[in-house]
Amino acid sequence: YCYSSIWSSLKSQGSSMVNGKLYPLGHTERTEFCYKCDCKKDRMRCCSLPNPPYYDGEKCKVIFNRKSCDYDVVQKDDPSKACRLVVRVG
């Protein structure tokens, strides 16, 4: 999902605030909580990760990888092996 905020108090600082942390104006690929944000002088728009991909739910499971801010789809019986994805939405 995405959310937008409009403000005037941070215009002069050249930054925007996401979850209490300041980020520079422009595009931030990944915040502390894995949001992708576009920060302008008067507003910001942040979006969460896309939905997990479609995969074979009988053989595979989804694990959130906080380091890469993405989902890993791995085999249930051997998590060291990736599963083949059908399609990704989002």
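Me: Which strands form a hairpin, and how many residues are between them?
Reply: β5 and β6 form a hairpin with three residues between them, where strands are DSSP runs (E, at least two residues) numbered from the N terminus. This is a predicted model, in which local features need pLDDT of at least 70 and side-chain atom pairs count only at pLDDT 80 or more, while totals for chains, interfaces and linings use all residues. Residues are numbered from 1 along each chain as its sequence is written, and side-chain values use heavy atoms, with hydrogens and water left out.
Me: How many bridges between β5 and β6?
Reply: They pair in the antiparallel sense over four bridges, and two strands count as paired if DSSP finds at least two bridges between them. Within β6, Arg45 is the bridge partner of Asp38.
Me: Switching topic, which residues make up the largest nonpolar core?
Reply: Tyr35, Cys37, Cys39, Met44 and Cys46, a core being a set of buried Ala, Val, Leu, Ile, Met, Phe, Trp, Tyr and Cys residues joined through side-chain atoms within 4.5 Å, with buried meaning under 20% relative accessible area (1.4 Å probe, protein chains only).
Me: Which face of β5 is covered?
Reply: The face with Cys37 and Cys39 is covered, whereas the one with Lys36 and Asp38 is uncovered.

Terms used
Buried < 20%, exposed > 50% of the residue type's maximum accessible area, 1.4 Å probe, protein only.
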